[in-house]
Protein chains: 2
Amino acid sequence: MRQEGGAVQMEKKRNAFEMNISAIKTMIEQDGFVPGDRIPSERELAERLSISRPSVREALRTLAYLGIIETRHGGGSFLLNRDDHTYIQIIAQFLVTGDSKFEDLAGTLRLLEQAAFVQLADASILEVHVDSDAAFRETLIATIDNDLFERIWRQVNAFYQSFGQGELYTRAEREAFLKRS
Amino acid sequence: MRQEGGAVQMEKKRNAFEMNISAIKTMIEQDGFVPGDRIPSERELAERLSISRPSVREALRTLAYLGIIETRHGGGSFLLNRDDHTYIQIIAQFLVTGDSKFEDLAGTLRLLEQAAFVQLADASILEVHVDSDAAFRETLIATIDNDLFERIWRQVNAFYQSFGQGELYTRAEREAFLKRS
DNA sequence: AAGGGGTAATTGGTCTGACCAATGACCGCC
DNA sequence: GGCGGTCATTGGTCAGACCAATTACCCCTT
């Protein structure tokens, strides 16, 4: 006879799996764990939440996959820093796998970089990098100062480079960039 | 700079859990399943992949959490179409505590849409949608005709909307968009 | 007393097997 | 042919076991 949910009243009637994830997250917050801390062991979580260890594991595996926690064999599970969350990598993984066309990759990169350029106030800082396609674009993105945007760009760019197509712009195109400022 | 996990590529030596996820995804692709199809049962997957059912379940739970598949008690597991972004809300659940990220979200959306607008030849098609923030931006993105770019935008936008902040632009801003064409 | 090494306890990783619950197909009955 | 019940299939959950990696601890040596 298994009783309902362990520790916390859930606001909704989601399925048990999501309730377990919420319960674990709630427990982490209530116990005041901060990034870097080790959270209770799987067996202890199972006991405190009145669920089985397999159920705890299913929840923890998902949390680990999302980058919320990190598990070390024999060591325990640790809370990660929120900035280390790989959520955008997860999203990117499913965005970019499969049927994304190579032309879309290059096109998306051009769009992203064009957007960055429009916001660029002073293009002079790019002049010294006009010789290097990589440095030119890297510097351009850095001027945006938007972490999410930069991470998206980095993912798309990493995938683009895995095709080994070399430079995205010719030197003439980079120079044209500067003239348009 | 943390670029370690940068590759979206799959072929790395990851832990068994992520390998199981990849294996299941690969099998789904190779068997030619399309959204709506029922994928093999947990027991069959376990046998075909030579892993135990709990391991299959840990992978399937994560895939279900991400919105890749849907499981029905007694019915089976079904492939979802990728536009279902239910997982975004849940991921956001872990990020709401921080506020810096939200600024990045809105900023990224503005950048993406500005990039789309720069490429827009004829802005007149947007005029009819000037009343609706959502329709205006949706139409804007559709003009780009870049599948990857559109999917990125859609993901970020879904993430943004999970914060429930309402419109991204004021009506005046949308009108200003049109005037700049 | 300090350091090092080896042992035991802890913890995650995986598996087997079992039973329950919901679904859906199948079959017999009307 | 339509309807309803039965039962195999499938996901949901659990208990227990064993392995592997890490960590804590204690004892011995120096």
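**Exercise 1. DNA strand C**

Task: In this predicted model, what share of the atoms of DNA strand C within 4 Å of the protein belongs to sugar or phosphate? Then find which residues and elements surround the strand.

Solution. 
- Step 1. Take the atoms of DNA strand C within 4 Å of the protein. Sugar or phosphate accounts for 58% of them, and bases for the rest.
- Step 2. Turn to the protein side. DNA strand C is surrounded by 23 residues. The closest are A:Glu42, A:Arg53, B:Ala16, B:Ser52 and B:Ser55.
- Step 3. Sort this surface by class. Three residues are nonpolar, eleven are polar and nine are charged.
- Step 4. In chain A, helix H2 (42-49), helix H3 (53-66), strand E2 (69-72) and strand E3 (76-79) each supply at least two residues.

**Exercise 2. Phosphate oxygens of DNA strand C**

Task: How far from a phosphate oxygen of DNA strand C are atoms of A:Glu42, A:Arg57 and B:Ser55? Say whether backbone or side chain is involved.

Solution. 
- Step 1. Start with A:Glu42. Its backbone N or O atom lies 2.8 Å from a phosphate oxygen.
- Step 2. Move to A:Arg57. Here a polar side-chain atom lies 3.0 Å from a phosphate oxygen.
- Step 3. An N or O atom in the side chain of B:Ser55 is 2.8 Å from a phosphate oxygen.

**Exercise 3. DNA strand D**

Task: Which residues come nearest to DNA strand D, and what do B:Glu42, B:His73 and B:Gly74 lie close to on it?

Solution. 
- Step 1. List the neighbours. There are 22 residues around DNA strand D, and A:Ala16, A:Ser55, A:His73, B:Glu42 and B:Arg53 come nearest.
- Step 2. Look at the strand itself. Of its atoms within 4 Å of the protein, 62% belong to sugar or phosphate.
- Step 3. Sort the surface by class.
- Step 4. Find the elements. H3 of chain A supplies at least two residues, and so do helix H2 (42-49), H3, strand E2 (69-72) and strand E3 (76-79) of chain B. H3(B) gives the most, with three residues.
- Step 5. Check the atom pairs. A backbone N or O atom of B:Glu42 lies 2.8 Å from a phosphate oxygen. An N or O atom in the side chain of B:His73 is 3.0 Å from a base nitrogen. For B:Gly74, a backbone N or O atom lies 3.4 Å from a sugar or linking oxygen.

**Exercise 4. The fold of chain A**

Task: How many helices and strands does chain A have, and in what order do they run?

Solution. 
- Step 1. Count the elements. Chain A has nine helices and three strands.
- Step 2. Read from the N terminus. The order is α-β-α-α-β-β-α-α-α-α-α-α.
- Step 3. Ask about burial. Of the 181 residues of chain A, 47% count as buried.
- Step 4. Consider contacts with a separation of 6 or more. Residues 24 or more positions apart account for 59% of them in chain A.

**Exercise 5. Two serines**

Task: Are A:Ser50 and B:Ser50 buried or exposed, and where do they lie?

Solution. 
- Step 1. Most residues other than glycine have a negative phi.
- Step 2. Read the angles. Phi of A:Ser50 is near 60 degrees, a positive value. B:Ser50 has a positive phi of about 60 degrees.
- Step 3. Locate them. A:Ser50 lies in the loop between H2 and H3 of chain A. B:Ser50 lies in the loop between H2 and H3 of chain B.
- Step 4. Apply the cut-off: exposed means over 50% relative accessible area. A:Ser50 has 39%, so it is partly exposed. B:Ser50 has 66%, so it is exposed.

Key
Residues are numbered from 1 along each chain as its sequence is written. Chains are lettered from A and ligands numbered from 1 in the order in which they are written. This is a predicted model: local features need pLDDT of at least 70, side-chain atom pairs count only at pLDDT 80 or more; totals for chains, interfaces and linings use all residues. Side-chain values use heavy atoms; hydrogens and water are left out. A residue is near a molecule or strand if one of its heavy atoms lies within 4 Å of it. A polar contact is a pair of N or O atoms within 3.5 Å; within protein, one must be able to donate a hydrogen and the other to accept it, and residues adjacent in sequence count only if both atoms are side-chain atoms. Helices (H or I, at least four residues) and strands (E, at least two) are DSSP runs, numbered from the N terminus. Ala, Val, Leu, Ile, Met, Phe, Trp, Tyr, Cys and Pro count as nonpolar, Asp, Glu, Lys and Arg as charged, and the others, Gly among them, as polar. Buried means under 20% relative accessible area, exposed over 50%, partly exposed in between (1.4 Å probe, protein chains only). Contact means heavy atoms within 4.5 Å.
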